[in-house]
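The structure is shown first.

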Amino acid sequence: MSDAPERLKGYALALLAAVCWGTGGLTAKWLFTAPSAATANWPLHPLGLAIEPAALSSGRALAAFLILITYLALRRPADLKINPRHWWFFVVFGVVGMAGVHFTYFKAISLTNVATAILLEYLAPILVLIVSVAFLKHKLTWQLPAGVALSVIGCALVVGAIGGEGMAVSPAGVAWGLGSAVFFAAYSLLGTWAASRYSPFTTLVYGLGAASAFWLVTLGFGPIVYIVGNPRLFAAVIFMAIFSTVIPFTAFLMALRHIPPTNATITSTLEPVVAGVGAFVLFGEALTLIQLLGGALVVVAIAVVQLPDRDTAPTLPPYD
């Protein structure tokens with residue numbers, strides 16, 4: 001991974017994923033917020049629809065799966081071929097790496113709050129760094145731990161965990177939040193394994209299929225029927241399926257072909273910064289100096305991990 005253009009491509013893809021994931025959070029806020037006098041000046045009038053976050057994730061995963069598999073069947077049928085021996089991987093990737101992240105994240109929110117859940121989830125770069133150095137033979141250079149530290153501190157400032165009142169701690173909530181960090185780290189590491197074996201489209205479509213099956217078994221078909229029966233909600237779910245699921249998850253998997261998983265997860269911590277800026281622009285939520293400092297630290301973290309002589313993971317061969 002010594003080719004600078006390839007590294008820059010990887011970071012650009014990871015940044016695209018972070019931006020799209022951030023827009024997904026803003027869309028969810030728009031859906032969940034009830035119209036009121038306080039929201040009268042919002043550029044987009046909130047819907048305030050009655051749907052649970054887990055149910056929204058179920059609909060989003062299924063919609064994204066159907067959209068992607070239709071596209072691949074029509075335009076890229078070769079990407080639907082997999083080695084039968086690897087079916088277990090796609091089950092694990094979909095349930096652990098995709099549905100697991102969403103389930104534990106929403107569970108953490110229900111027991112704490114959004115700020116706490118985001119901070120705990122974005123401890124994932126620490127786990128990815130440990131696994132990458134201990135098991136994947138990535139050399140430990142000063143840029144990686146420095147980037148991890150800056151990104152975690154930056155996220156803490158953005159969500160109000162430092163210098164604000166955003167934290168709400170409970171033992172169970174912390175446990176579920178740490179679980180979301182483990183699952184996000186697993187998504188990054190599993191994606192690295194798949195990067196040299198399959199197209200990102202292949203990995204994502206089968207991962208989404210497994211995640212959709214998980215949600216249907218867990219929640220049943222009720223949420224899907226409710227979403228389809230509400231035109232505005234259905235349109236919002238389709239938007240999220242494309243712009244906060246298919247595009248960012250594909251971009252992140254593609255990024256893993258060009259940069260190591262630790263660097264990709266550090267770059268993805270720009271997501272809460274994007275969400276904060278978007279909330280300011282769309283919803284009029286004020287940004288404090290502390291939050292702006294946190295956003296700056298995340299940007300610095302991304303810059304630090306791009307410094308020369310820190311990319312020590314072997315270049316991945318083209319997938320078949």
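The mean pLDDT of the protein (the predictor's confidence in each residue, from 0 to 100) is 83, and 83% of the residues reach 70 or more. This is a predicted model, in which local features need pLDDT of at least 70 and side-chain atom pairs count only at pLDDT 80 or more, while totals for chains, interfaces and linings use all residues. Residues are numbered from 1 along each chain as its sequence is written, and side-chain values use heavy atoms, with hydrogens and water left out.

Confidence is lowest in helix 4 (residues 114–121), at a mean of 74, and highest in helix 8, at 95. Helices here are DSSP runs of H or I with at least four residues, numbered from the N terminus. Over residues 310–320 pLDDT stays under 50; for this stretch the model has 36 contacts (heavy atoms within 4.5 Å) beyond four places in sequence.

Helix 8 spans residues 200–219, 20 residues in total. From first to last C-alpha this helix reaches 28 Å, close to the 28 Å expected at 1.5 Å a residue, where the expected span is 1.5 Å times one less than the number of residues. At its start, a side-chain oxygen of serine 199 comes to within 3.0 Å of the backbone nitrogen of phenylalanine 201. Just after helix 8, glycine 220 adopts a positive phi of about 80°. The buried residues of helix 8 include Pro200, Leu204, Gly207, Ala211 and Trp215; buried means under 20% relative accessible area, exposed over 50%, and partly exposed in between, with a 1.4 Å probe and protein chains only.

The table lists relative accessibility for selected residues.

| Residue | Relative accessible area | Class |
|---|---|---|
| Cysteine 20 | 9% | buried |
| Cysteine 155 | 1% | buried |
| Arginine 76 | 30% | partly exposed |
| Aspartate 79 | 9% | buried |
| Valine 305 | 0% | buried |

The structure holds zero disulfides (pairs of cysteine sulfur atoms within 2.5 Å). The count of salt bridges, each a side-chain nitrogen of Lys or Arg within 4 Å of a carboxyl oxygen of Asp or Glu, comes to one. In this salt bridge the side chains of arginine 76 and aspartate 79 meet at 2.5 Å, N to O. Side chains of opposite charge can pair when their charged atoms come close.

Valine 305 lies in the segment after helix 13 (289–304). Valine 305 and threonine 262 are 43 residues apart in sequence, and their C-alpha atoms are 9.1 Å apart in space.

Terms used
Helices (H or I, at least four residues) and strands (E, at least two) are DSSP runs, numbered from the N terminus. A polar contact is a pair of N or O atoms within 3.5 Å; within protein, one must be able to donate a hydrogen and the other to accept it, and residues adjacent in sequence count only if both atoms are side-chain atoms.
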